[in-house]
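This briefing is meant to be read beside the sequence and the coordinates. It begins with a single helix and then takes up other topics in turn.

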Number of protein chains: 2
Amino acid sequence: MSNKKNAFYAQSGGVTAVINASACGVIETARKHRDRIGKVYAGRNGIIGALREELIDTSKESKAAVHGLLTTPAGAFGSCRHKLKSLEENRAEYERLIEVFRAHNIGYFFYNGGGDSADTCLKVSQLSATMGYPLQAIHIPKTIDNDLPLTDNCPGFGSVAKYIAISTREAALDVASMCETSTKVFILEVMGRHAGWIAAAAGLAAEREGDAPHIILFPEIAFDREKFLARVQRTVKQRGYCVIVASEGTQYADGRFLAESGLKDAFGHSQLGGLAPYLAAMVKDELGYKYHWAVADYLQRSARHIASRTDVEQAYALGEAAVEFALRGDNAVMPCIVRGKGKRYSWSIGEARLENVANREKKMPRNYITRDGFGITAQALEYLSPLIGGEAYPDYRNGMPVYVRLKNTPVPKKLKKPFKIA
Amino acid sequence: MSNKKNAFYAQSGGVTAVINASACGVIETARKHRDRIGKVYAGRNGIIGALREELIDTSKESKAAVHGLLTTPAGAFGSCRHKLKSLEENRAEYERLIEVFRAHNIGYFFYNGGGDSADTCLKVSQLSATMGYPLQAIHIPKTIDNDLPLTDNCPGFGSVAKYIAISTREAALDVASMCETSTKVFILEVMGRHAGWIAAAAGLAAEREGDAPHIILFPEIAFDREKFLARVQRTVKQRGYCVIVASEGTQYADGRFLAESGLKDAFGHSQLGGLAPYLAAMVKDELGYKYHWAVADYLQRSARHIASRTDVEQAYALGEAAVEFALRGDNAVMPCIVRGKGKRYSWSIGEARLENVANREKKMPRNYITRDGFGITAQALEYLSPLIGGEAYPDYRNGMPVYVRLKNTPVPKKLKKPFKIA
């Protein structure tokens, strides 16, 4: 067996428009160092691919296919929401990982995900030491929620932010055109169950006083029905229409999500989701305005066609840096984005210790939200604006974006017994 | 008073990503013929701008601003849903129009809209003759519904089609990545109350057998709950996930829209709209699959950022042709798109008589829908594919598309008495 170790790469949690750009950074950089890194094996459907010994041999992919990952949304190897339990609760899963890694001579563990996977990555790094199996575990940040600490922002977020800001500006022009005789209130529901980063990004749509969005609803601000309705009414009277962007996590002061406020279908089944229709019905019932609503859902996080170039470049650079960190011997770290100090936006790659990343959530600062709770401040704009900078269009064929499909060739299994995931 | 007549231009009905491109074609072409056409006055908020004598003087706009209309979605002058009643029912409105046109020396009437406005345009052309006021009325087609006869397609449709096809492809990649442990069924609700053209366009997302969308629901095909659920289950078992694109106009055999099937909120108020959550609840209740759903709503028809270049070019060319038709003395006509006969898509501008356009709806041919009612045929693909051809990106500044804002300078009123719209 050669002294050269293979690498394992897995995508974790909700996918984004640019997580494959990080994969591209990892694979292309590893290929530049064939003297030190053997093959890059990807986990089929994330970490469960490692547990099941379902590995994908990325060396079977052409250079062009790997490069195509740069412009392809979602998770090319599959992702999963499986979170490894604590070592005490489920030591077997960790041992299985090491067993699979040992069988395939894997010395580098690249885990591309959010807060939960940073925690898993940290645990794996610790276990490898106690189990006497040398493994360098590097976390590559990714989450549209933008809630990881120590990095200026999280890959995936900038592209969602751009999509939501553009969609808000476009839909607002539509409503403004029609409001004299038709729709007066438009509601766009966006992702962000626990933090209002994505909703805040809608604020980038406004150029001047009075521009949409007129109301942003954040999970951080308790929803006040009377105050909300009064603001809607005032805006319609003043501007002729009102555009509302609402985070799916908008909640009452007692913590109940508005989206779970008791819609029932014809059979009496409760109807999950649907903050936007809930707010629309409230506006209609109380103010009588004609409304429309949209729920962007997965469209927002997969919209590679209008990804932020900054986001794509950062996602790639973080994948690249992860491999470079591994090559210099680092373990239990995460490459991160460091914002330059100048007035003009600049960024570089820094390094964070995973113990400082795992299980810490970056909340949106209160001073990013206006005092009335319905908008974003100049500080928020200054932070958000560069993250949507630049376009990075995919190629098109017959009017449709060309997204790569990998062969995803399985690596032959070496272990006898199958593993049952808890 | 000079012999040179002014022109009136108005946007009518639901706006699109490219209706302003037609406005651009009208104004730029009229400006090339200053010897024969005076000023182009636009109706503020469509035809009601004419009734109220609220005209916009487009001659006050810079060349750059007018050209910016080519890349700006929605209705730059405002649109409206006001439909003129029949001559018998409301002769006063027609007389008022002529009065306003006479006061402002308007000799050309350009009406940019769908089927209803084609009808209005025809009536105006007829009235001008009976009232002894010379007026050339030209209709410029526009509707995302793609239901006007005699034209190969309707400006606005191609861009919605492109947006829906791309969004379907992107969201499907997301679902495919996650389906092993998460969402199995994704539902995208699209516009099209009476015809399935937009839903059909989602079919452009598929490249190979088994690709999403796996199920398309058309208004033309009566919804069969059992058949639908069986297909969802079969698809999930076979592919691991199922992507459904559903027209908002999907209905039961008895004509009831699914979207109005009796959702009630916590207060017992019925909840309008929301076909997607209705279908999602059905899937969850009957099959138990985890689901997500999206409703694109206005996002789809305002998405200028990913407009079809073919659509933009046709919208402009139709505006241009309308002015050229007027200059050669035509009346009661509509420029239309004529598809070339060759294998490679080509198009030219033709001319249709308004009496053959008004009050005729172009339905989607039954042979565009597969026999099972859940997909589109090769004929549909052949028709639809060229309509989304090419991109026509707007300029960007600070990561956001630059959409023009007109000054919309009012023309001083000349008539004494205000007019009350019925």
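**A covered helix and its surroundings**

Helix α1(B) is mostly covered, since eleven of its 13 residues count as buried. The model is a predicted one, and the predictor gives the complex an ipTM of 0.97 together with a pTM of 0.97. For chain A the mean pLDDT is 94, and 96% of its residues reach 70 or more. Where pLDDT is low, predicted coordinates should not be read in detail.

**Helix α1 of chain B**

- The helix covers residues 19–31 of chain B and reaches 19 Å from its first C-alpha to its last, which is close to the 18 Å expected at 1.5 Å a residue.

**Helix α5 of chain A**

- Helix α5 of chain A takes in residues 115–130, and its 16 residues should span 22 Å at 1.5 Å a residue; the end C-alpha atoms are 23 Å apart, which agrees.
- Among the buried residues of α5(A) are Gly115(A), Cys121(A), Leu122(A) and Val124(A), and the list also includes Asp119(A) and Lys123(A).
- What covers the buried residues of α5(A) includes the helices α2 (47–51) and α4 (91–103) and the strands β4 (106–113), β5 (136–141) and β10 (333–339) of chain A.
- Just after α5(A), Gly132(A) takes a positive phi of about 70 degrees.

**How the two chains meet**

- Chain B can be laid on chain A with an RMSD of 0.0 Å by a turn of 180 degrees and a shift of 0.0 Å along the axis, and that is the relation of a two-fold axis.
- The contact between the chains takes 69 residues from chain B and 69 residues from chain A.
- On the side of chain B that touches chain A, at least two residues each are supplied by α6, α9 (275–287), β9 (291–295), α10 (298–302) and β13 (400–401) of chain B, and α6(B) gives the most, with 13 residues.
- The residues on that side of chain B divide into 32 nonpolar, 24 polar and 13 charged.
- Because 100% of the interface residues of chain B are also interface residues in chain A, the copies meet through the same surface.

**Domains of chain A**

- Chain A is divided into domain 1, made up of 5–145 + 308–360 + 393–401, and domain 2, which runs over 157–302.
- The centres of domain 1 and domain 2 of chain A, taken over C-alpha atoms, are separated by 35 Å.
- Eleven residues of domain 1 of chain A are in contact with twelve residues of domain 2 of chain A, and the residues on the domain 1 side divide into five nonpolar, four polar and two charged.

- Tyr163(B) lies in helix α6 (residues 157–178) of chain B and counts as buried because 28 C-beta neighbours lie inside 10 Å, where 20 or more are required.
- Leaving aside neighbours within four places in sequence, Tyr163(B) is in contact with Gln300(B), Ala303(B) and Ile306(B).
- Lys5(A), found in strand β1 (residues 5–11) of chain A, counts as buried with 21 C-beta neighbours inside 10 Å.
- Beyond four places in sequence, the contacts of Lys5(A) include Ile37(A), Gly38(A), Asn105(A) and Tyr108(A).
- Lys5(A) and Val40(A) are 35 residues apart in sequence and 9.5 Å apart in space, C-alpha to C-alpha.

**Backbone points to check**

- Most residues other than glycine have a negative phi, and most peptide bonds are trans.
- Ala332(A) has a positive phi of about 55 degrees although it is not a glycine; Ala332(A) is found in the loop between α11 (309–327) and β10 of chain A and counts as buried, with 21 C-beta neighbours inside 10 Å.
- Asn146(B), also not a glycine, has a positive phi of about 60 degrees; its place is in the loop between β5 and α6 of chain B, and Asn146(B) is buried, with 28 other C-beta atoms within 10 Å.
- The peptide bond from Ala212(A) to Pro213(A) is cis, with omega near 0 degrees, and Pro213(A) is found in the loop between α7 (197–201) and β7 (215–217) of chain A.
- In chain B, a cis peptide bond joins Ala212(B) and Pro213(B), with omega about 0 degrees.

Definitions and conventions:
Residues numbered from 1 in each chain as written. Chains lettered and ligands numbered in written order. Predicted model: local features only at pLDDT ≥ 70, side-chain atom pairs only at ≥ 80, totals over all residues. Helix = DSSP H or I, 4+ residues; strand = E, 2+ residues; numbered from the N terminus. Buried ≥ 20, exposed ≤ 12 C-beta atoms within 10 Å, placed from the backbone. Contact = placed C-beta atoms within 7 Å. Least-squares fit on C-alpha atoms with pLDDT ≥ 70 in both. Nonpolar A, V, L, I, M, F, W, Y, C, P; charged D, E, K, R; others polar. Expected span 1.5 Å × (residues − 1). Domains from an automatic or database assignment. pLDDT = per-residue confidence, 0-100.
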